[in-house]
Amino acid sequence: MMQEQKKLHVISLGCSKNLVDSEVMLGRLQDYMLTDEIGEADVIIINTCGFIEAAKKESLGHIFEALHKRKKGALLVASGCLVARYAKEIKEMIPEIDILTGVSDYHKIDSMIAERKGIVRENVFLYNQEKRIITGSNIHAFVKISEGCNQKCSFCSIPSFKGKLQSRALDSILHEVDLLAKNGYYDISFIAQDSSSYLRDKGEENGLLKLIQAIDAQGAIKSARILYLYPSSTDFALVDAIAMSDIFQNYYDMPIQHISPRILQDMQRSHKDVQKLLAYMKSIPQSFVRSSVIVGYPNEEEYDFVLLCEFIESFGFDRINIFEYSKEEGTKAGTLEELPKKIRTKRINTLKKIVAKQQNKLLHEMIGKEIDVIIEGKSEISEYFYSARDKRWAKEIDGEILINDGIFHGAGYYRARITECKDNILIGEIL
């Protein structure tokens with residue numbers, strides 16, 4: 001009699017870097033059948049995020065939900081950043097979790113489950129040729145180029161549990177990209193905590209530029225973009241290298257966090273050349289400039305916030321994320337007195353209105369334009385639409401274009417015309 005195949009339920013929280021780690025775990029657990037139902041699973045893995053307070057609460061919420069819904073005898077595994085930061089506290093608070101593991105041993109998840117014993121170390125897992133199961137797309141994949149960070153931002157806790165910058169070897173990345181391309185993944189997003197510092201831990205100042213040139217020379221994929229450039233490790237030569245590439249899109253994702261020189265100094269972030277860099281990025285033909293800002297930093301005065309609003313309104317980012325300051329223990333900013341919640345909320349809402357108005361204008365300006373798009377598959381919005389995105393855009397974070405007209409054959413690259421915009425959602429037709 002054949003033994004019934006065991007079932008696995010995986011929840012990957014937080015950023016795309018976490019998703020890559022979850023995909024490595026899936027690669028080690030291919031003997032399991034994936035299930036969307038927690039109550040059916042023999043093993044439940046929650047790959048947590050512990051970056052900011054909201055992410056911690058979300059991770060703990062999923063853990064408690066899994067404890068409530070799991071069937072008798074099912075194993076619950078908690079992995080990732082939250083565990084790396086608070087393993088001892090979680091073990092004491094939630095002893096019902098069967099296996100705890102941090103950010104160092106994703107490739108050993110199968111042996112941890114077999115032995116019912118977790119591994120929590122201070123090391124960090126650096127992907128290198130491990131088997132991955134790509135999720136969420138038949139054409140796009142994330143490729144992590146480094147782990148950790150050498151920056152010293154006063155508000156950020158990442159170095160405390162991810163450690164210093166550790167770059168992957170260039171050959172390792174090229175091998176992975178080649179393998180992905182052979183399996184039909186022609187659109188790649190290269191990711192790291194600080195992508196523009198790639199290989200600086202190895203003494204190479206222009207590591208990311210060398211990666212761009214190597215990917216172009218390899219010619220295995222059709223499109224790519226880089227997520228998370230850091231202002232002080234990005235220069236005009238890197239901006240040009242991206243612009244001149246046949247594969248890398250003119251996609252510039254550089255979180256600035258603020259624009260007030262005083263606040264940037266308090267944040268321990270360089271403000272030199274930031275505005276010049278952004279202006280140069282925007283001057284590149286067909287460029288797409290994305291950023292992130294933090295509102296309500298402890299020392300943020302009203303005039304600092306006005307400076308930020310005026311800059312965002314005048315510059316006009318293609319996309320921008322707005323984060324409310326989150327006090328994190330172990331950080332320099334965490335020792336400062338927080339601004340009242342009422343002030344933070346008011347400032348967030350003010351800035352969101354500015355950005356919403358800009359986004360509405362940008363989307364409506366796309367009506368009638370012809371652009372290159374990537375179709376992923378059926379849209380979750382409706383079975384009558386296919387989901388596409390501008391070839392420049394990063395998957396899931398820059399938006400969706402609904403396609404309901406034209407001749408096309410599944411996932412792939414197409415030319416499209418934007419025909420309308422409804423409720424800030426673009427609709428288009430394949431040409």
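Two residues are in contact here when heavy atoms of one lie within 4.5 Å of the other's. Keep that in mind as we walk through this predicted model.

**The nonpolar cores**

Let's start inside. With contact defined as above, Leu278 touches Met254, Ile256, Val289, Phe311, Phe315 and Phe317, leaving out residues up to four places away in sequence. Leu278 belongs to the largest nonpolar core, which has 57 residues. Which members of that core touch the most other members? They are Phe190, Ile215, Ile256, Leu278, Phe317 and Leu351. Apart from this core lies another one, made of 33 residues, including Val43, Val77, Val124 and Leu264. As background, nonpolar side chains in soluble globular proteins tend to be buried together.

**A buried phenylalanine**

Now pick out Phe305, which sits in helix α11 (residues 302–315). Is Phe305 buried or exposed? Its relative accessible area is 4%, so Phe305 counts as buried, the cut-off being under 20%. Setting aside neighbours within four places in sequence, Phe305 is in contact with Val295, Glu300, Arg347, Thr350 and Leu351. You have already met Leu351 in the list of core residues that touch the most other members. Phe305 and Arg168, on the other hand, are 38 Å apart in space, C-alpha to C-alpha, and 137 residues apart in sequence.

**How some helices pack**

| Helix pair | Angle | Distance between axes |
|---|---|---|
| α7 (residues 207–218) and α8 | about 10° | 10 Å |
| α8 (residues 236–244) and α10 (residues 274–283) | roughly 15° | within 10 Å |
| α2 (residues 53–69) and α3 (residues 81–93) | about 50° | 13 Å |

Take α7 and α8. Angles under 35 degrees count as roughly parallel, so α7 and α8 are roughly parallel to each other. Their crossing is left-handed. On the α7 side the contact uses Leu208, Leu209 and Ile212, and on the α8 side Ala237, Leu238, Ala241 and Ile242. By class, that contact has seven nonpolar residues, no polar ones and no charged ones.

Helix α8 also packs against α10, and this pair is roughly parallel too. The crossing of α8 and α10 is right-handed. Phe236, Val239 and Asp240 of α8 meet Lys276, Leu277, Tyr280 and Met281 of α10. How many residues of each class make up the contact of α8 with α10? There are five nonpolar, no polar and two charged.

What about α2 and α3? The angle between them makes α2 oblique to α3, and their crossing is right-handed. Lys56, Ser59 and Leu60 in α2 meet Leu82, Arg85, Tyr86 and Met93 in α3. This contact divides into four nonpolar, one polar and two charged residues.

**Two residues with a positive phi**

Finally, a look at the backbone. Most residues other than glycine have a negative phi. Arg116 isn't a glycine, yet its phi is positive, at about 55°. You'll find Arg116 in the loop between α4 (109–115) and β6 (140–144). With a relative accessible area of 52%, Arg116 is exposed.

Glu396 has a positive phi as well, near 75°, and isn't a glycine either. Where is Glu396? Look in the loop between β15 (386–390) and β16 (401–405). Glu396 is exposed, with a relative accessible area of 66%.

Definitions and conventions. Residues numbered from 1 in each chain as written. Predicted model: local features only at pLDDT ≥ 70, side-chain atom pairs only at ≥ 80, totals over all residues. Heavy atoms only, no water. Axes fitted to C-alpha atoms, helices over the stretch in contact; angles between N-to-C directions. Helix = DSSP H or I, 4+ residues; strand = E, 2+ residues; numbered from the N terminus. Parallel < 35°, antiparallel > 145°, perpendicular 65-115°, else oblique. Left-handed = near helix turned anticlockwise from the far one by under 90°. Nonpolar A, V, L, I, M, F, W, Y, C, P; charged D, E, K, R; others polar. Core = buried A, V, L, I, M, F, W, Y, C linked by side-chain atoms within 4.5 Å. Buried < 20%, exposed > 50% of the residue type's maximum accessible area, 1.4 Å probe, protein only.
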